[in-house]
Amino acid sequence: MLEITDLDVAYGPLTILRGVSLVVARGEIVAVIGSNGAGKSTLLRAISGLTRVLRGSIALEGRRLERLRPEAVAALGVAHVPQGRQVIPDLSVEDNLRLGAWRLRSDGARVARLLAREYARFPRLAERRTQLAGSLSGGEQQMLVIARGLVMDPGFIMMDEPSLGLAPIAVDEIMETIRRLNEEGLTVLLVEQAAAYALAIADRGYVLKNGEVFLSGPAAQLRDDERVVHGYLGG
Amino acid sequence: MVRLVRVAVAVAVIAVLPYVFPTAYFTHLLTTIAYSTIVVLGLNVLIGFSGQISLGHAGFYGVGAYTTALLSAQHGWSLWLTFPAAIVVAAAAGFVLALPAIRTKGLYLAVMTIAFGFVVEILSQRWVELTGGTMGVYGIPALSWLGTPVGGVGYFYVVAVVALALQLLLNTLVGSLWGRTLTAVKDSEQAAEAVGIDVLRWKVLAFVVSAGCAGLGGAFFAHQNGYINSDAFTFSTSLFLLVALIVGGLGNRYGPVVGVTVLTLLNQLSAQLYEYRFYTLGVLLLGVLIFMPFGIAGGVTALARRLGRRPAPGSGSPPAAPAVVTAAGAARDGIALSVRGLMKHFGGVVAVDGVDVEVAMGTIHALIGPNGAGKTTFINLVSGRLVPDRGHVACAGIALDGTRPFRRARRGVIRTFQNLQLFSDLTVAENVSVGAHRHVRATTLEFAFGLPRARRAEAEARRRTAALLAALGLAGIADRRPDEIAYGHRKLVELGRALAAEPAVLLLDEPVAGLNATEADRIRELLARIRAQGVTILLIEHNMDFVMKISERVTVLNFGQKIADGTPETVQRDPVVLEAYLGRRHGATAAVTTRA
Amino acid sequence: MIVQVLVSGIAVGGIYVLVAQGFYITWRTSVTLNFGQGDFLMFGAFVALSFLRAGVPVVLTAALVVVCLAVLGAVLERVAIRPVMTAGHAALTWAFTTLGVGVIIQNAAISIWGNSSQNFPPLFGGKLELLRIGGVGVYAAELAIIVLSTVIMLVYLWVLRRTLFGKALAAVAFSSDTAALFGINVRRMHMLAYVIASVLAGICGLLVGPISVVHPFIGLNFALKGMAAAILGGFASPLGIWVGGLLLGVIELTSNLVSSQFGDLYPFLVIVLVLIFRPSGLFAGREAGVDPAR
């Protein structure tokens, strides 16, 4: 579904990604892991059009994405849940979700249905629908941003470190949610620093180190591979 | 020698100019250009060189004009006294405005200066008892020499010579260590503070100098016609000064004279266009900013540089010569940096939670941790950029608590920046030399006139810079700008600047981020050599190969707390650390736990 | 007497509030604002004047002013803001370019309408018509302006808080990257923010007419006072700005009462003093905002 070939991405004078190639097949969960500065967030930003691509190609079902503006990429059904739980703190839970459905805003009935679907999936959000998003707990905010990504009815969703700053119980809940979403047919590209959590639910994984693909393979293999540790802590 | 020729040519031009169109009107115009140039030269120091803003400079201009006008016309003071008085009073006004102004930037600074300009305008209009309001001040005596009034061409010569002298003085200042320090402050206040420069003091200085120049220009204006009134000190005047500077070239030495001349002549020419002439100012401002942001003089300079440019040499290999780095103190045994109980929270989030770290003298100590662990906040707390809620920081036993970043830098705690804060308007050599500026004792006047103490300071900075450039392998690109060199070299320049400041403790924020393996190795060798000279290093990094090879000790942070502290090997095998990075269920974690 | 000063102060303050809201909305979305906002106000006033003198009914005039200023706002964003928001320009370049456009507008006004002061035809029964309310005399025009500016303020708040568009603006203000990921066209949002700001300025022009003389040089004065209102209220909250603007109007009229020698000096002294002691404004900190003192 998503095919990245030989990607170079720079940020100002810094080359962050070098020659990265990656494939995500329809219906898979693919994990991209690695420590900070490895380039994982940059990879997602390049796909969704927030960061310019220097060289290489990104193709979604054959359609090239590198030159598209973020609105256009979103219009193709690609949801990007960025790092750091970017809820809009002064707006309510419901407002945040409605904004997620911005590209569908002309179809009121469809938006209502999608909202209802997410409330059913995340009952805690339904309880807090009128609450200001900034007052939610970390775990609830993470759920909100995932729901916000889902409410645009995407075929493909990318998540950037959903476990960041969350207690293990909340992380387990998030990961379980992602797994169930995938069972319903959603294709997921999951970027994580906490390799264990991501590899536990993924089909395949890529380890990024210093902007390059260091290791890749079926998640089951990577789960026990000591080289993954080298990717993080050297030695 | 070349300089003397240029000055001689300038003097000759001044002498000849009034005779190009020998009318009183033309001479009057030339005189106006001359004293306006004086004002804009000062404005250039403020906006172009120190990076601040003034949209109300007519205020200082007016203060100078009224000071000399009132003292000479109404109190009979001699012009030998009133002119200096005008400069001093205007400079004092600059000082008064600067004190609150330097603590604000951007939009609020702009608004404050506009408000100041308006206040002066209103006072000059309405405080009729003092200024005569719109009726103005009459009977301002003309300049006189040996009893005869100096008017017309003679007055122009006086003003023009003073303007020329000021231009030369400023050229000297700007080309010296003084000017480079100011440019450093403009390009990155943070980086300037990090090498020990008292940024606030320099910003006030720029205000005072520029206000004084405006006062001098205003004084010459007052004595030109024998009469002034409040119409001359409006926002339009401030706007004219600003547009002249921008059109001429902001930050360029000759921007002021070029811009004032062009704008004045344009105004004259467009008088022919009747009602369309008013558009010149607005259209010029808009057009120049969008299409020619460097102004006329700036464009010429840039073109000249591009034509004279040679292709940049490839990255040289580091020479075998040992680094010439003198540490601020001999390598003693003991604790170079001591952090106890450091705590900082933002809103409801605790970024650093009771962290204790001791960095032994002459060692390399790494600080690692997953994303969001609090490492950058920690460095900001140590360097003084953030104030902790609790805790103590000390360097070689001396407490640093409550001191501003530049004072800590002067104690030898020098930091670099993750996102590279190089001074974009300075060359590589100049960037590095700014690091040495904190030791300089010479004053502004000494630099302006090239007095011995200033020259010695320059020589010393130059010597130290040359040695560092050689040691870092940067000599070949010494006169390039940062945006013209490779990223790996830029990292070296920032390191060189830090070294020029004679650090006792170096705080390095991701020194090898974005570098390839070769470049990272080179930095690693450099750091080892620096350590051998007795410098203590605390670094944040994500590149674990690098960290594990170079550090003697590693501290690991997670969620703002210290979770491990030990040798690299110990930390690599610590299950708590692995769990922090990889999560609980990774097979390797379990394997390590069972093995251990 | 006091009531009259209060009413006049609130009337003029209401106009400052609207000017300031124009600053606020563009500052929030793109961290820029129109330094020529006052000149836009002046232009709106003159456009309105021309139509009114030609016999066009007030409501239609208002609509025409809105359209005209909306176009100006879009042009401003395209010509003076967007080209200088790239990395190649210094941080405050937009201040100078918008200033430049303001000067051009000022000169256009002089060309078209001459540079002398003009008076509006009586709109609300004329300024001199006194109403008796509770035994106190107040000018009808001022009351009308208070009512109108309040209504506009409420509509503006409604758009910001209750419509999806207003919430999209909040999203862009929070993070233009995040907003783009929802499919929001961030560039278009910036432009629309400027359209709204300019329309507000134009409406102010229409409101100013009945209570003050209009000439091409009133622009900067209003811009500065609008800025003062925004600073007083903190750049972070429309409600804070509402209070700040009204306060400023009352301060101005009260100081005129006490001593009219120095006229407009006091509002500007207020700005300087507030910025010295409370650089983030009096009401800052209530909502997340971008600090203009950066």
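Author: Two strands pair if DSSP finds at least two bridges between them; strands (E, at least two residues) and helices (H or I, at least four residues) are DSSP runs, numbered from the N terminus. The model discussed here is predicted: local features need pLDDT of at least 70, side-chain atom pairs count only at pLDDT 80 or more, and totals for chains, interfaces and linings use all residues. Residues are numbered from 1 along each chain as its sequence is written, while chains are lettered from A and ligands numbered from 1 in the order in which they are written.

Reader: Which strand does β6(A) join, and by how many bridges?

Author: Strand β6 (residues 78–81) of chain A is joined by 4 bridges to β7(A), and the two run parallel. Within this pairing, H80(A) has M158(A) as its bridge partner.

Reader: How many bridges join β7(A) to β8(A)?

Author: There are 5 bridges between β7(A) and strand β8 (residues 187–192) of chain A, again in parallel. Here L190(A) of β8(A) stands opposite M159(A).

Reader: Why is β7(A) described as largely enclosed?

Author: A residue is buried if 20 or more other C-beta atoms, placed from the backbone, lie within 10 Å of its own. In strand β7 (residues 156–160) of chain A, 5 of the 5 residues are buried, so the rest of the structure largely encloses it.

Conventions. Buried ≥ 20, exposed ≤ 12 C-beta atoms within 10 Å, placed from the backbone.
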